[in-house]
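Subject: Structure for you to look at

Hi,

Here is the structure I promised to pass on. Please open it alongside this email, and then read on for what turned up.

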Amino acid sequence: MAQQTAVVRALNCPRPPRRESCSLDASTLINIGAVVVSISALAVSSWLAKNQFRAQRHANHVGPILELLSEFRSLEFQRNYAFIRDDLPGLSSDNGISGLSDEAQRRIYDVAYFFQLYAILAYLDIVDERFVSALLRRRYIEIWTALKPFVSKERELLEIGDSAVLHILEAFVAKMEASCPVDRQRLLNGQLRR
């Protein structure tokens, strides 16, 4: 009976805890090494993905910028731009854009919607807004200054309010005027990052 009692006690009583050895065995070292390699691979993959994403974003800028440069080089665009900047302010805005000659309307719509297109591309983040602002800020402001009385009158005559007829161009220019000019050379040298 004493033996049974000793067995029952041994079964019911927890054993004293064993002291664990502080030494690492080979399997633990392999597991730690695997975790370190996995974390390193994750970090490198994340870095590569970030750089690939950035390169793809820059690749998106190439097409629109080339089109912009191509259009800017055309003699017709330069003449239309000069007409709006220099001659349009001397014309009466009493009848809006619609009250001008067909030739004047064509010139206005060609240039104004060209600039509005690039404002839209900047808003959609297809081209870098800072890049557009650095290169074209003065031109945007000049165009809008000349067009504003004609656009305002056109909106009034058509009873469409401020939300139509070159509204995006107007908002983009207002944003440019409210912000400081981007340092063109620093941006072009790649020193300004998002």
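A quick definition before anything else: pLDDT is the predictor's confidence in each residue, on a scale from 0 to 100. You will want it at hand, as this is a predicted model. Across the chain the mean pLDDT is 82, with 79% of residues at 70 or more. Confidence is lowest in helix α1 (residues 2-12), where the mean is 55, and highest in helix α3 (residues 75-87), where it is 95.

Now the overall picture. The chain holds seven helices and zero strands, so its elements, read from the N terminus, run α-α-α-α-α-α-α. Of the 194 residues, 26% are buried. If you count contacts with a separation of 6 or more, 76% of them join residues 24 or more positions apart.

The crossing is left-handed. On the α4 side, the contact is made by Ala-112, Phe-115, Gln-116, Ala-119, Ile-120, Ala-122 and Tyr-123; on the α6 side, by His-167, Ile-168, Leu-169, Ala-171, Phe-172 and Lys-175. Sorted by class, that contact has 10 nonpolar, two polar and one charged residues.

Gln-116 deserves a look of its own. This residue of helix α4 counts as buried because its relative accessibility is 9%, under the 20% cut-off. Leaving aside residues up to four places away in sequence, Gln-116 touches Leu-166, His-167, Ile-168 and Leu-169.

And how does α5 meet α6? The axes of α5 (residues 129-158) and α6 also come within 8 Å, crossing at roughly 125°, so α5 is oblique to α6. This crossing, too, is left-handed. From α5, the residues involved are Glu-129, Val-132, Ser-133, Arg-137, Tyr-140, Ile-141, Trp-144, Leu-147 and Arg-155. They meet His-167, Leu-169, Glu-170, Phe-172, Val-173, Lys-175, Met-176 and Glu-177 of α6. By class, the contact of α5 with α6 divides into nine nonpolar, two polar and six charged residues.

Terms used: Residues numbered from 1 in each chain as written. Predicted model: local features only at pLDDT ≥ 70, side-chain atom pairs only at ≥ 80, totals over all residues. Heavy atoms only, no water. Left-handed = near helix turned anticlockwise from the far one by under 90°. Helix = DSSP H or I, 4+ residues; strand = E, 2+ residues; numbered from the N terminus. Contact = heavy atoms within 4.5 Å. Nonpolar A, V, L, I, M, F, W, Y, C, P; charged D, E, K, R; others polar. Buried < 20%, exposed > 50% of the residue type's maximum accessible area, 1.4 Å probe, protein only. Axes fitted to C-alpha atoms, helices over the stretch in contact; angles between N-to-C directions. Parallel < 35°, antiparallel > 145°, perpendicular 65-115°, else oblique.
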